[in-house]
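Open the model in a viewer and keep the selection panel at hand. The stops below go from one chain to its contact with a partner.

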Amino acid sequence: MVKGIKDKVAIIGMGCTGFGELWDKSSEDLIVEAYKEAADDAGIEIKDIDAAWYASCFEEVNVGRGGIPLARALKLPNIPVTRVENFCTSGTEAIRGACYGVASGACDIALALGCEKLKDTGFGGLPEIGTGEENKFYYPNITAPGMFAQVANAYFAKYGLSREEGKRVLARISLKSHQNGAMNPRAHLRRVPSLDAIINAPIIADPLGLFDCCGVSDGAAAAIVVRADMAKEFRPDPVYVKALQISLTPATGIGHQSWDGVHFESTRIPGIKAYEEAGIKNPREEINLMEVHDCFSISELVTYESLQISPMGKGREDVEDGFYDLDGKIPCQSDGGLKCFGHPIGASGIRMAYEIYKQLQGKVDPVERQVKGNPRIGLTHNHGGICGSLVCSVGIFGNEL
Amino acid sequence: MEDYYFHDRIGRIKSFTGDRLAFTMDPPAMYGLIDFDEGGRLYLDITDCDLDSLKVGSSVKMSLRRRYADKRRGVYAYFWKAVPILEKDE
């Protein structure tokens, strides 16, 4: 049995910029800002960093290729800097690289930093993603909302929800995130629309409306990782990494009817492995809060079920019961999620970890967003790609050894 | 390995959307995941219908259609699209 990453490494400092349309800041400004907050939080200097992992997805927009943008912005002194890209899991991949690097003994102090600056394209939605030559010839012009809209229609059909019932459940998910995000000074979108406004918003890809979709954004986030046994030299309240899993489907589901068009094996399987790695027997009882990949409201709903927090087909009941609200059993998106932060892809996974880190330390800004009951275990989740052919990451973090 | 043809197979809509973000000459772009009755599935454009008429489970037939036309360069591309089977056809 593989022993895994549990309790081998700890996060001792994190930083996260405000996300938004940051016309007045360059990607270098964002990198420096996220790094400085993390370094000050950890009490380290540039010379202490042994290696860095840098996440960005769309090198064509703004940030550039390779690890050089990070090395240049921070003036890292001839240390290894690895750029990672794996669609929407890119940020979590950077954390994974830093954690594995430290756990291997190759370095003692590692930096994981993700930055993306997408608003400068001037249009909504993501830039075109290279899908390989073959797809161009026969694939429909599938967009990200169109992809998840199909999951929504398949979900409604499978569980017998009318379009109106389905849209109401999805709206409730977005409303909850907007209520949390409105309190968060770092969030991009900080107003709370009414439930009716969410339900009746213009359609982006049927049945998903404007408020079912997260936007793109500019932002950066950073984490400083050390060996677990060193962590208390830096601070009394480090956050320990309990599990880091990543999974890619073999994409049989897009050509074979084995996939139900609704639930994601790419989430279910790394979920199981992460619970095993972290020693979690009953996730619904043991996870205290989550940040999941709510690129679309339906994505959050099927993730509740694919992560086995809600039983299959029963996510709706938990949503309506307020199970995932800030004062619910497992608050989900206590920072507002992608819904309110937008999705600067390379930064998102680290932004989620930032929220879990602050929540586990009891240092959430402002205190009104603090999850009650001294949370001990938090989970982050990302997925990206084409539904049925996804990459998914699950991270579990805890504040006790 | 034997050739296997899908063009005369009946498919069913596993899921679909009408996408207003995707570029198309005739919005919304309708497409979906099509399951063939004898096995196999493909993401396909859906055409010759209104979005309101689409339902999960309704049947479609294949039709070879123009996917794009670049008149300036003289490049035209064709591929199969899914066309809902109307009741009067059945």
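Colour the chain by confidence next: the average pLDDT of chain B is 92, and 96% of the residues score at least 70. Where pLDDT is low, the predicted coordinates should not be read in detail. For the model as a whole, the scores are ipTM 0.93 and pTM 0.96.

Switch to a cartoon view of chain B. There are 5 strands and 0 helices to find, and the order along the sequence is β-β-β-β-β. If you draw the contacts within chain B that have a separation of 6 or more, 46% of them join residues 24 or more positions apart.

Now show chain A as well and select the contact between the two chains. Chain B contributes 29 residues and chain A contributes 25 residues. Which strands of chain B each supply at least two residues of the side that touches chain A? Select β1 (11-19), β2 (29-36), β3 (41-45) and β5 (75-84) of chain B to see them. Of these, stop at β1(B), which gives the most to that side, with 6 residues.

Last, colour the side of chain B that touches chain A by residue class. It has 15 nonpolar residues, along with 8 polar and 6 charged ones.

How values were computed. Residues numbered from 1 in each chain as written. Chains lettered and ligands numbered in written order. Predicted model: local features only at pLDDT ≥ 70, side-chain atom pairs only at ≥ 80, totals over all residues. Helix = DSSP H or I, 4+ residues; strand = E, 2+ residues; numbered from the N terminus. Contact = placed C-beta atoms within 7 Å. Nonpolar A, V, L, I, M, F, W, Y, C, P; charged D, E, K, R; others polar. pLDDT = per-residue confidence, 0-100.
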